[in-house]
Amino acid sequence: MDQQTYNAEVDARAQQILDAAHAEGRDRGLWAAHALMPHGPSEEDIVEIIRGGLWRQAECPARDLLGGPFEILPCMLLLCRWEEQLPDSAVALIRDFMTEAHLERGNTENHWLMAYTGMLLAAERWPDAEFAWSGLSAGAIAAEAKRWIGGIIERTALQGHHEYDSTGYHIEHMTAYIGLYEHVQDDALRAQVDKMLTLLVADMALEYFNGAWAGGHSREGYRQNTWTRLGGIQPLQYLYFGGIDFDPVSHTQGFAIPSVVADYRPPALFADMAWDRSAAHVVKKTKAPRTIYRHARETARPVRKYTYMSRHFALGSTQVGLPGNQAGPIDLVSWDLTWSGPNHQATIVCNHPYRSPDRFSAFLNGFPQHIGRAISTDKPYLQWPDRLFGASPYERMLQHEGCVVVLYDIPATDDHPFVNVFLPNGHAWSERDGWLFADLGPFYVGLRPIGPYEWMTIREANNANILVREGDLIDGWLLRIHSVRAGLVLEAIEADEVESFDSFCAARSALQPELSQWPFNKSVQVQTTTGHVLDIVHGGAHRIDGEIVDYDAYPLYEAPGVEAALGTGKVRFARGDDAVEVDFDVDPNKALLPMRVIG
Amino acid sequence: MNTDACSAWLVGGTLAATSGIHVIQGPGLYGGAPNGAWTRIGHNQATAFRLLRDKRRVVLSANHGLYAWERGEERWLQLHDETLTEILAVASTSGDPGLVAGCPYGVATATRDALGAARWTFHSDALGPDERYTNALLVDPNDESRWLAGSEAGVVVYSDSGAHAARSNLWDVPVRALYYTCDRFWAGAERGGLFSSEDGLHWERMGGKIEGAVYDINEADNRLVAATGHGIVAGDAEGPWQRLGPRMLFATLAVDGRDPQRWLAGASPGGLWHTEDGGQTWNQLDGFKHVRAVLPPEEKA
């Protein structure tokens with residue numbers, strides 16, 4: 001598709017989203033008011049939206065307010081986009097807030113990006129203002145913001161995105177960078193932002209699977225990782241890649257509206273990449289090491305992702321690179337199998353629901369003695385034994401194409417000495433020689449729990465204060481493997497690559513995993529029905545067909561048509577005659593920006 | 001400088017049960033007196049971890065930034081940059097801004113750039129994560145270029161203004177409090193109680209067993225007093241420690257230099273507690289839910 005045609009399609013979808021947001025009344029918030037502005041709202045309406053977003057119910061001067069990234073960015077994007085249409089009273093409110101309120105950066109990458117973006121736009125817009133929350137000049141505030149934004153872009157270009165591939169938080173990154181692309185006055189920074197957006201859209205496209213984001217995610221928690229399509233990124237997935245039915249609810253989420261109304265358009269070839277199901281292929285990605293700042297003697301290693309994009313399913317896994325016994329960000333999802341279908345009916349995933357206060361204090365500064373209770377008071381599901389997300393420090397995995405082996409070596413003293421496997425309950429399962437099989441239409445799946453399992457249900461509801469009747473958050477089978485040396489082997493295969501479902505079941509169950517060295521030597525071997533051998537030692541070497549897997553050799557990206565050597569800041573995406581090349585022009589001798597956020 | 005910041009008790013805490021960026025009005029620094037009202041100093045609403053008062057200013061080290069309330073000024077001045085955050089410890093040195101800061105990412109000092117902003121340089125990048133994570137800082141009163149850091153790995157001694165870092169023998173245990181008195185360094189550990197050292201490198205345990213972690217150390221009437229995970233303890237560092245007051249995680253304990261029987265202790269959670277009789281009886285002061293930093297009034301006042 002040529003860029004002009006693509007842009008016209010994106011324009012049409014953008015208008016569809018904005019029209020729906022307005023028609024559904026979803027345009028009354030600070031983020032989504034961009035959908036209201038073309039309709040000529042009254043001054044009273046605009047002021048109400050701004051006061052509602054920044055003051056909420058408080059009746060106080062701006063200097064008594066506390067503002068964070070979720071106020072700083074949307075108010076500046078609203079101002080920058082609609083400055084000519086906003087009444088003076090609205091501009092004054094935003095200016096008062098941005099100069100008088102106490103503004104804080106938060107502690108995640110998306111927090112800092114949103115905060116520094118809003119602060120930079122404010123400092124550029126009001127160069128002579130006094131910023132009471134800082135005391136520094138607008139020039140100093142802008143300089144700090146540019147150093148961080150420029151620095152994090154360079155880090156991403158060299159090492160991979162830190163808060164990577166998050167269905168929930170990628171949208172905050174996109175909206176902030178698009179806001180900078182549209183409004184920042186610094187041309188050099190704008191050029192780098194344009195390149196950064198290319199990488200972030202490429203991240204979305206390379207693992208796009210019919211409206212879902214396949215593979216591992218730095219953050220996909222909050223009990224939604226059994227959903228097929230989820231998170232705030234859905235509006236931009238629809239906007240940039242199309243191809244699915246418009247959903248007036250999920251495609252009008254507020255965080256995305258400033259990006260939807262923007263003029264930024266990604267290169268058209270990413271939409272083609274996103275929908276290319278012509279042949280199965282492997283996508284490899286390197287992502288930045290997790291931020292683990294205590295309970296560790298060594299720093300984390302880079303994250304390596306491997307995602308097999310088949311025609312009718314996607315299987316993705318992650319080498320999380322975590323040091324020591326504490327897991328990374330609490331909503332990390334390391335692997336899953338994804339296909340097309342309703343929520344809860346198109347995902348298989350397993351997880352050890354590791355719980356320890358140390359898992360929080362490894363990257364949060366609260367006292368270890370209290371942080372377990374403090375965090376789980378706000379987010380109780382982070383400690384639940386049924387949890388299906390959140391990387392366990394005892395989990396290791398090896399994948400080759402449509403087969404993955406996941407092993408756990410859990411201390412016997414662990415609070416949760418078991419592993420949870422989620423299976424959809426809308427399909428008929430069969431069992432043969434310890435293998436469970438499902439005929440999923442265009443593809444088949446077989447999985448072999450390692451260890452004694454119990455077949456249970458899992459049903460969680462968003463509003464579960466009295467009785468859970470329908471599991472709108474999670475609803476399916478839960479296989480609890482009651483073993484501290486649990487594991488799972490899973491193989492998926494396209495239906496047209498085997499004679500029949502029965503033949504796949506027969507072939508798969510005939511090749512039992514080699515468990516004679518598990519758990520004593522921590523080694524498991526699995527032969528795939530396609531003739532490959534996966535050999536994994538928990539905490540040791542990974543081999544495919546006898547060859548050691550060299551994760552250190554992973555580039556920044558590896559996929560058909562993609563060239564992206566790690567540590568160069570140079571990336572080329574090509575498809576047919578189209579190509580997009582970005583060179584971040586990073587000085588290899590320049591020290592990287594220190595990483596001071598989690599993600 | 002605002003008079004209150006000199007003559008008043010200063011409390012870094014929150015009046016709400018929760019704090020942080022997801023609330024419309026957050027915590028901040030409050031000035032007042034135990035039996036009077038508490039007023040926010042300026043409009044800063046940062047979550048305080050440590051307070052420091054020196055000749056020039058009050059410094060607020062906080063969850064998302066570092067700020068100073070300088071004498072003669074009427075507002076807070078930002079001292080952090082894009083590399084410094086979650087500042088758990090701070091100490092004065094000479095120069096401008098004349099501070100050593102400790103945070104989960106290490107120990108840093110700053111200079112001013114051409115725009116007047118503090119730009120921080122970290123001195124701990126070669127260390128491991130636990131060694132970098134700094135809970136407490138102390139500048140050697142005999143050598144300003146030598147700093148003791150209470151880290152998650154133990155006491156790290158930085159010398160030559162951060163050019164070198166050495167492990168002490170108080171190791172493999174998080175150290176959350178440092179103090180200097182009687183020509184000796186004192187350290188409060190996650191386990192094992194209180195330790196003392198002449199040089200900062202060689203430590204010995206002092207006094208009896210202390211239940212829980214030690215978060216702050218102070219002195220009053222020739223006794224050492226410490227804020228611990230299970231209340232306040234006091235003693236002579238030779239015999240057993242006497243536990244005083246309610247049982248909770250006290251993160252800080254301040255003693256009024258004008259009246260060493262008057263203490264204010266901050267708990268997180270638990271709020272602000274006050275004693276007028278050296279810890280025999282305690283009263284909770286209304287309002288505060290979480291307090292991690294308290295400073296007594298300036299003694300000259």
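What distance separates the centres of domain 1 of chain A and domain 2 of chain A, taken over C-alpha atoms?

**View 1. The two domains of chain A in the predicted model.** Domain 1 covers residues 3-275 of chain A and domain 2 covers residues 281-559, and the centres of these domains, taken over C-alpha atoms, are separated by 32 Å. Where the domains meet, domain 1 of chain A contributes 27 residues to the contact and domain 2 of chain A contributes 42 residues. On the side of domain 1 that touches domain 2, the elements giving two or more residues are helix 6 and helix 8 (187-206) of chain A. That side of domain 1 of chain A is made up of 8 nonpolar, 14 polar and 5 charged residues.

**View 2. The contact between chain A and chain B.** In this interface, 35 residues of chain A are in contact with 35 residues of chain B. On the side of chain A that touches chain B, at least two residues each are supplied by helix 6 (138-159) and helix 13 (368-378) of chain A, and helix 6 of chain A provides the largest share, 6 residues. Sorted by class, the side of chain A that touches chain B holds 13 nonpolar, 11 polar and 11 charged residues.

**View 3. The packing of helix 2 against helix 3 in chain A.** The axes of helix 2 (residues 43-54) and helix 3 (residues 69-82) of chain A come within 10 Å and cross at roughly 160°; because angles over 145 degrees count as roughly antiparallel, helix 2 of chain A is described as roughly antiparallel to helix 3 of chain A. The crossing of helix 2 of chain A past helix 3 of chain A is left-handed. From helix 2 of chain A, the residues A:Ile50, A:Gly53 and A:Leu54 meet A:Glu71, A:Pro74 and A:Cys75 of helix 3 of chain A, and the residues of this contact comprise 4 nonpolar, 1 polar and 1 charged.

**View 4. An open sheet of 3 strands in chain A.** The strands of chain A follow the order 24-25-26, and their pairing is antiparallel. Strand 24 (562-563) and strand 26 (578-583) of chain A each have a single partner strand and stand at the edges, so one side of each is left without a neighbour in the sheet. Strand 25 (residues 570-575) of chain A pairs with strand 26 of chain A in the antiparallel sense over 6 bridges, and A:Arg572 has A:Glu581, in strand 26 of chain A, as its bridge partner.

Technical notes:
Residues are numbered from 1 along each chain as its sequence is written. Chains are lettered from A and ligands numbered from 1 in the order in which they are written. This is a predicted model: local features need pLDDT of at least 70, side-chain atom pairs count only at pLDDT 80 or more; totals for chains, interfaces and linings use all residues. Two residues are in contact if their C-beta atoms, placed from the backbone, lie within 7 Å. Helices (H or I, at least four residues) and strands (E, at least two) are DSSP runs, numbered from the N terminus. Ala, Val, Leu, Ile, Met, Phe, Trp, Tyr, Cys and Pro count as nonpolar, Asp, Glu, Lys and Arg as charged, and the others, Gly among them, as polar. Axes are lines fitted to C-alpha atoms, for helices over the stretch in contact, and angles run from 0 to 180 degrees between N-to-C directions. Angles under 35 degrees count as roughly parallel, over 145 as roughly antiparallel, 65 to 115 as roughly perpendicular and the rest as oblique. A crossing is left-handed if the near helix is turned anticlockwise from the far one by less than a right angle, and right-handed if clockwise. Domain bounds come from an automatic or database domain assignment. Two strands pair if DSSP finds at least two bridges between them.
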